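Student: I would like to learn how to read a few features of a structure. Please take them one at a time.

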Amino acid sequence: MNCGAVSYCTSDRENLCQQRQIISMQPRQGAFAELLRMPERNLVAIPEAMSYLNAALTEPVATAWHAVMRAQAASACPLSEAKILVLGGGAIGISTALVLASFGCTNLLLGETNALRRETVRKTQVCELYDPINDAGPEDNSFDIVLDAVGGRATREASSKAVKPGGTIIHIGLMDSNDGLDIRKFTLQEITFSGCYTYTMKDFRDTVEALHSGKLGDLNWIEQRPLSEGSSAFLDLSQGKTAAAKIILIPDH
């Protein structure tokens, strides 16, 4: 939720409004609350035939959609011609790969340390995969665009090494905020580094359409569980014990 009055809000950059309030963060409750009060302007209608399961993916996928839009705007190389690296195979990472593929990117590599998640990403058939812990890393200075869906020191170091001169890094993840960037390389080789925060309402609406149209694949990387198993679902996700990038909780009947 944004104020609607400042220049960010009137130029499709409302995610940068300093008065914004995020649903599910104080002072606004999220959907696990017994009652939820939602500003009308935050509501986005979904097509009548759209699956609620697919609709539930709009929020995480919209973050990936926004990241790809940032990459498209910042890169000197078209997405369809670019060699691209995605770091992280969770909900944002796999979504980023799917959005990139929908924009014609075919030269795509994704790094993920969890074997279960790698297998989930593999089933999408949109990218090559590697294990950043046990496999040889990507060649230095070889990628036009790197999208970091983890946002930790190790992935920032990997991004700095992998991006080629004149290339672009999009930093999405928020694991930590310390170290990892090769500022000297960025300066000498004119690397574009861009932060990427959530999404705009346009991104959100475009994501609904993409999910509904099937542009992002069959979305078989989710898992359904009853709401009563919510605690174990969160635990399995945090401990990397599930192959699913996202678990949808269904209210018990």
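Tutor: We will go through aromatic pairs and then strand pairing. This is a predicted model, in which local features need pLDDT of at least 70, side-chain atom pairs count only at pLDDT 80 or more, and totals for chains, interfaces and linings use all residues. Residues are numbered from 1 along each chain as its sequence is written, and side-chain values use heavy atoms, with hydrogens and water left out.

Student: How many aromatic pairs does the structure hold?

Tutor: Rings of Phe, Tyr and Trp (its six-membered ring) pair if their centres lie within 6.5 Å; planes under 30 degrees apart are stacked, over 60 edge-to-face, and the rest tilted. The structure holds four such pairs. In one of them, Trp65 and Phe103 have ring centres 5.4 Å apart and planes at 65°, so the pair is edge-to-face.

Student: Is Trp65 buried or exposed?

Tutor: Buried means under 20% relative accessible area, exposed over 50%, and partly exposed in between (1.4 Å probe, protein chains only). Trp65 is buried at 5%, while Phe103 is partly exposed at 28%.

Student: Which strands does S4 pair with?

Tutor: Two strands pair if DSSP finds at least two bridges between them; strands are DSSP runs (E, at least two residues), numbered from the N terminus. Strand S1 (residues 83-87) runs parallel to S4, joined by four bridges, with Val86 opposite Leu147 in S4. S4 also pairs in the parallel sense with strand S5 (residues 163-171), over five bridges.

Student: Why is S4 described as largely enclosed?

Tutor: Six of the six residues of S4 (residues 143-148) are buried, so the rest of the structure largely encloses the strand.
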